Amino acid sequence: MSDTAVYLPRGRHLLVDLHGVGAAYLGDCLAIENLLRDAARAAGATPVGGEFHHFGPGLGVTGVLLLKESHISIHTWPEHGFAAVDVFMCGAAQPEKAVAVIEAALQAESVTRQEASRG
């Protein structure tokens, strides 16, 4: 038996807009990367790589964590207290658990969620 899992092209895609988030957190590239990794673990997903970029003093972060199950990405605008998060997972991963971790950490004043089934 192979140890390679077979994933079906079905999954859940969650889009989350978080408003009223503290600027210091949104501008911290390492904190954002650690947050996405924590979120992936909570969802039962397996990170396989990532790329995170900070745009400079007072500015935001863009990042993506690649998963065996797909991805989590984030774009932040500390100057507007805003973060846009994209969580797509297939297989047994539970993207809503990733979103819960992100929401708890960012403590937004308001959150808008959208969900799409894929595949």
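**A close look, starting with the rings**

Modeller: There is one aromatic pair in the structure. Its partners are Trp77 and Phe82, whose ring centres lie 5.4 Å apart with planes at 35 degrees, so this pair is tilted. (To pair, rings of Phe, Tyr or Trp, taking the six-membered ring of Trp, need centres within 6.5 Å; planes under 30 degrees apart are stacked, over 60 edge-to-face, and the rest tilted.) Before we go on, this is a predicted model, where local features need pLDDT of at least 70 and side-chain atom pairs count only at pLDDT 80 or more, while totals for chains, interfaces and linings use all residues. Residues are numbered from 1 along each chain as its sequence is written, and side-chain values use heavy atoms, with hydrogens and water left out.

How open are the two rings? Trp77 is partly exposed, at 35% relative accessible area, while Phe82 is buried, at 15%. (Buried is under 20% relative accessible area, exposed is over 50%, and partly exposed is in between, using a 1.4 Å probe and protein chains only.) Another ring, that of Phe88, has the charged end of Arg118 sitting over it, 5.1 Å from the ring centre. (That takes NZ of Lys or CZ of Arg within 6 Å of the ring centre and within 35 degrees of the ring normal.)

Now follow strand β4, residues 70-77. (Strands are DSSP runs of E with at least two residues, helices are runs of H or I with at least four, and both are numbered from the N terminus.) Ser70 belongs to β4, and has a positive phi of about 140 degrees although it is not a glycine. His71 is in this strand too. Leaving out neighbours within four places in sequence, His71 contacts His13, Val64, Leu65, Asp86, Val87 and Phe88; that last one is the ring under Arg118. (Contact means heavy atoms within 4.5 Å.) Ile72, also in β4, is buried, with 0% relative accessibility. With neighbours within four places set aside, the contacts of Ile72 include Leu36, Ala39, Val87, Met89, Ala98 and Ile102.

Helix α2 (residues 29-43) packs against helix α3 (residues 95-106) at about 145 degrees, with axes 7 Å apart. (Axes are lines fitted to C-alpha atoms, for helices over the stretch in contact, and angles run from 0 to 180 degrees between N-to-C directions.) On the α2 side, the contact is made by Leu35, Asp38, Ala39, Ala42 and Ala43, and on the α3 side by Lys97, Ala98, Val101, Ile102, Ala105 and Leu106. Sorted by class, the α2 and α3 contact has nine nonpolar residues, two charged ones and no polar ones. (Nonpolar covers Ala, Val, Leu, Ile, Met, Phe, Trp, Tyr, Cys and Pro; charged covers Asp, Glu, Lys and Arg; the others, Gly among them, are polar.)

Staying with α3, you'll find Glu103 in that helix. Glu103 is buried, at 19% relative accessibility. Not counting residues up to four places away in sequence, Glu103 touches Val16, Leu18, Ala108, Val111 and Arg113.

Past that helix, Gln107 sits in the loop between α3 and β6 (110-118). Gln107 has a positive phi of about 50 degrees although it is not a glycine, and it is exposed, at 62% relative accessibility. Finally, Ser117 lies in strand β6 and is exposed, at 66%. From Ser117 to Ala45 it is 18 Å, C-alpha to C-alpha, with the two 72 residues apart in sequence.
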